[in-house]
Amino acid sequence: METVVSGIRSTGKLHLGNYYGALSNFVKMQDSYNCFFFIADWHSLTTHPTPENLQSTVKQVVIEYLAAGIDPEKSCIYVQSDVPEVSELYLYMNMNAYLGELERAAAFKDKVRANPDNVNAGLLTYPVLMACDILLHHATKVPVGKDQEQHIEMTRTFGNRFNRLYSVDYFKEPFAFSSSEKLVKIPSLDGSGKMGKSNGDAACVYLSDSEEVIRKKVMRAKTDSGPETPNQEKPEAIENLFDLMRIVSTADTVDHFDSLYNKCEIRYGDFKKQLAEDIIIATKDIRERIKEVSADEEYVQKALKLGAEKARESAQKTIREVREIIGLKRLY
């Protein structure tokens, strides 16, 4: 059975983009792959070296993973920092990662532009840490979006370089993967791009948001003064809202409002009210499940303990073998 590894940064709550994109795929993968799903608390330190409430945000992600249908008996759900072998492999791989290739990483350049006063070594070697999360469990499939494909390419580079340096065929080549034919992209409520925490809380519909909060967020979503000519092209902000409606609403509902738009008769207030109610209906089960799991502390703790044990068993085997390959043997 092939191994799948995927992680999510420990920034707290998951949103619709996570649910309809990654999480829905993760649930499907559990019966067909050996799955490792981790919460990347070390990754978050590269941009937030002094995080607030780190433990509670990590726990919230775990709760929502479980609520979404990730089964700790089928899959391995663990916190990155619970597996110290990650940091040991990170050390070894950093010895074989070159400054030039790390500086050329698109994500590094973006972070430098966004945070010029926090260009730390962890940020520079972020691709190495990501590679170690994958290589540690010998994953061949990594569920990621287009924006992460360069990291997967770098992971193959680091793994293949290790194999060449030590004349072994040890690390496998991982590739980007989706269990669906087309990745679902959930648009942001702020009028541009896909939904993500970087857009701010107002632009995200979180899985744990109450019905009242969902209504307020959707009603504040960016729109314009309305179409001026029949069948005119929708601006990005409006197309985003229609894309979101296509995911949570019935086809008849979408067709109705699309027709109103094309006839220059659409009332955005009515449109957003319908969208909000459809989001509430679509997320009702997961919202209730989050409440149930949050109230079951014993279940959460059991899942984390089981996940840490599974992940460490896999990781310790890799580290023993890597030490042997490198030549790091005890002399006593």
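**Ground rules**

I am working from a predicted model, where local features need pLDDT of at least 70, side-chain atom pairs count only at pLDDT 80 or more, and totals for chains, interfaces and linings use all residues. I number residues from 1 along each chain as its sequence is written, and side-chain values use heavy atoms, with hydrogens and water left out.

**Entry 1: α10 and α13**

I started with helix α10 (residues 211-219) and helix α13 (residues 268-282). Helices here are DSSP runs of H or I with at least four residues, strands are E runs of at least two, and both are numbered from the N terminus. I found α10 and α13 packed at an angle of about 145 degrees, with their axes 9 Å apart. The axes are lines fitted to C-alpha atoms, for helices over the stretch in contact, and the angles run from 0 to 180 degrees between N-to-C directions.

Next I looked up who touches whom, with contact meaning heavy atoms within 4.5 Å. From α10 come E211, I214, R215, V218 and M219. On the α13 side they meet G269, K272, K273, L275, A276, E277, I279 and I280. I sorted the residues of this contact into seven nonpolar, one polar and five charged. For that sorting, Ala, Val, Leu, Ile, Met, Phe, Trp, Tyr, Cys and Pro count as nonpolar, Asp, Glu, Lys and Arg as charged, and the others, Gly among them, as polar.

**Entry 2: salt bridges**

I searched the whole structure and got 19 salt bridges. Each one is a side-chain nitrogen of Lys or Arg within 4 Å of a carboxyl oxygen of Asp or Glu.

Then I checked accessibility: buried means under 20% relative accessible area, exposed over 50%, and partly exposed in between (1.4 Å probe, protein chains only). E277 is partly exposed at 30%, and R215 is partly exposed at 32%.

K217 is also in α10. Is K217 buried or exposed? At 11% relative accessibility, K217 counts as buried. K217 forms a salt bridge with D209, the closest N and O atoms being 2.8 Å apart. D209 is buried too, at 7%. Leaving out residues up to four places away in sequence, I listed the contacts of K217 as L189, D201, A202, C204, Y206 and D209.

For another pair I took R267 and D270, whose closest N and O atoms are 3.1 Å apart in a salt bridge. R267 is exposed at 59%, while D270 is partly exposed at 37%.

Last, the strands. Why is β2 (residues 34-40) largely enclosed by the rest of the structure? Because six of its seven residues are buried.

I counted four bridges joining β2 to β3 (residues 76-79), and the two run parallel; strands pair if DSSP finds at least two bridges between them. The bridge partner of F36 is C76, and that of F37 is I77.

In a regular strand the side chains alternate between the two faces of the sheet. In β3 I found both faces covered, with C76 and Y78 buried on one side and I77 and V79 buried on the other.
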